[in-house]
Amino acid sequence: MPMQSRVIAVLLVTAIAVSLAFLVKGGTTDETVYLFGDTVHTESELNAMDVAFGQAQLSGWRTEGRRVRVPASQRPQFLAALEDAASLPPGLRSNLEAMMDSAGPFDSDVMVRTKLMVGKQQDIARSLEQMHDIRFAVVTYTQGERRPFQAKRDESAAVMITPEGSLPLERGRVNTIREYVAKAFGLDVNDVNVTDVNSPDSSSLADEEDPWIRREREVEEATRRQIMKQLSYIEGVVVEVNAEIDSTLDTEQTRVQYDAQPTTVSEKTRKISQQSNRPLVGGVPGTEPNAIGNRARNLEDLAQTSTMSDDTKESDRVVGQTFEKSRTLGLLPTRVTATITLPTSYYDKYWLDQQMRDNPDTPAEELPKATTADLNVLRDTIEKEIQGLVTPMLPQVAAGEDARPLVTVVDMPDLRTPVVEEADTVGQALTWLADSWKSIALLLLGVFALFVARSAVSGGGKDTPAEFTEGFGLELPAPPPPEEKKPEDGEKMTITGGSLQDELVNLVESNPEVAANVIRGWVGEAA
């Protein structure tokens, strides 16, 4: 092989070795794990982690939903970066603890209290973000200046809430947030203001001021929560509730009923009987008329008897009466209706579940498909089941009125985008190709270099090209004939002029076979 070909071959072999080493090193993928297991983080926590990992110059991590996946071998480095940046989840380290650790010995009391209050505000905001329907929260605590002759400063708290999605928070959730923040800071509920970025201010003020609208919202939200809890087994169900509220705020009624016969309370009876006797008139007084001519008289005629009786009866009677006073609270729901929307895919799932129960040994692919008539029957059956579950949750209607129309069940078509299903092998191949295209290109370069080296090695022993032999058209003298070299007999002993012993020693060391042949010849000649 010419020297030039040898140099090229060495360089290409070196390039191939380096490429293969790089390929092996780059082809190995490190296993990834979730940084905190199945813990779901808030958006603010993910942003803080992103900043912490950037400051630590870490790479190879990614977010899946609201979880963080990092290389398994570098998990301690990622945790250390979060610890250094004070960005650990609330369960591991709170902002209040971080502020306490950052307080120095030369900080004033006002500075220490301010740091602790800031940490407490951040912890409360992070606690609110743990609610499933809150995306972002900011809590601000304000303490006013002390006024003359005032024992306590004015305190208040403001909460800014960004809900998930575009709908505002429910009124019950807002009240829960207000009570939680008030208890955390030791404030009155009226001193806490909650602002929902998805709710217009005018609507919120109107709901607070108008008791009729507020009561209507409360009934609708409470009823909707009960229905959603009852129908939680249906995926994708949508419940809307409409409440009609009586506009009467308060009703007070008084009724007095009198008895037909009076009732005797007390009774007094008094009876007096009196009899008196008195003599009659005896005539002319004097002795003559009375002493002379005395005649017998009847004694009964000489007295006058008089009798007097008094019978009095008194009674106190009261006419009986019944006094009734009742008070009825107003703003009562008179009629509550519910509209339940089901996705059409639920009927397919329901039908498949029934068929699998009836035919447990049949594969799902071989089960019969539901026809239009089957779906109509199934739709009526599910509608009656839902009406039977939801109707008892609604207020009772008047006697004789049908309660079924209170619950309406409608369908919602699933608008799916057609997706071309690919085989698993094709998807895996595309994913591997996207991740390893650099390594594949490097491998192809190595193969190309190997072919070039093979061509250089195989082309190094070729004769001189014909153009050089012919002299490019010029007349050149013929080269001299090559000298024939006589073959040397390698098995003969060469006499250098030294001693025979030294010659034999050198011959044995250099070529033992030749020495053996020489000794064998000497022995043969001597015989």
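User: Helices here are DSSP runs of H or I with at least four residues, strands are E runs with at least two, and both are numbered from the N terminus. Where is arginine 178?

Analyst: Arginine 178 is in helix H6, residues 171–185. This is a predicted model: local features need pLDDT of at least 70, side-chain atom pairs count only at pLDDT 80 or more, and totals for chains, interfaces and linings use all residues. Residues are numbered from 1 along each chain as its sequence is written, and side-chain values use heavy atoms, with hydrogens and water left out.

User: Is arginine 178 buried or exposed?

Analyst: Buried, at a relative accessible area of 16%. Buried means under 20%, exposed over 50%, partly exposed in between, with a 1.4 Å probe and protein chains only.

User: What does its side chain reach?

Analyst: The backbone oxygen of valine 192, at 3.2 Å. Leaving out residues up to four places away in sequence, arginine 178 touches Val189, Val192 and Val194. Contact means heavy atoms within 4.5 Å.

User: New topic. How do H2 and H3 pack?

Analyst: H2 (residues 43–55) meets H3 (residues 75–84) at about 110°, with the axes 9 Å apart. That makes H2 roughly perpendicular to H3, a label for 65 to 115 degrees; under 35 is roughly parallel, over 145 roughly antiparallel, the rest oblique. Axes are lines fitted to C-alpha atoms, for helices over the stretch in contact, and angles run from 0 to 180 degrees between N-to-C directions.

User: Which residues make that contact?

Analyst: H2 gives Met49, Ala52 and Phe53; H3 gives Phe78, Ala81 and Leu82. By class, that is 6 nonpolar, no polar and no charged residues.

User: Now the open sheet. What is the strand order?

Analyst: S7-S10-S11, with mixed pairing. Two strands pair if DSSP finds at least two bridges between them. S7 (238–245) and S11 (407–412) are the edges; each has a single partner strand, so one side of each lacks a neighbour in the sheet. Neighbouring strands are turned by 20° on average, direction ignored.

User: How many bridges join S7 to S10?

Analyst: There are 8, and S7 and S10 (residues 333–343) run antiparallel. Isoleucine 245 has proline 333 as its bridge partner in S10.

User: What packs on the sheet?

Analyst: H10 (residues 344–358) does, touching S10 and S11, with its direction about 70° from that of S10. H11 (residues 372–390) lies across S10 and S11, at about 140° to S11.

User: And how many helices and strands in the chain?

Analyst: 15 helices and 11 strands. Of its 527 residues, 22% count as buried.

How values were computed: Nonpolar A, V, L, I, M, F, W, Y, C, P; charged D, E, K, R; others polar. Polar contact = N/O pair within 3.5 Å; in protein donor to acceptor, adjacent residues only side chain to side chain.
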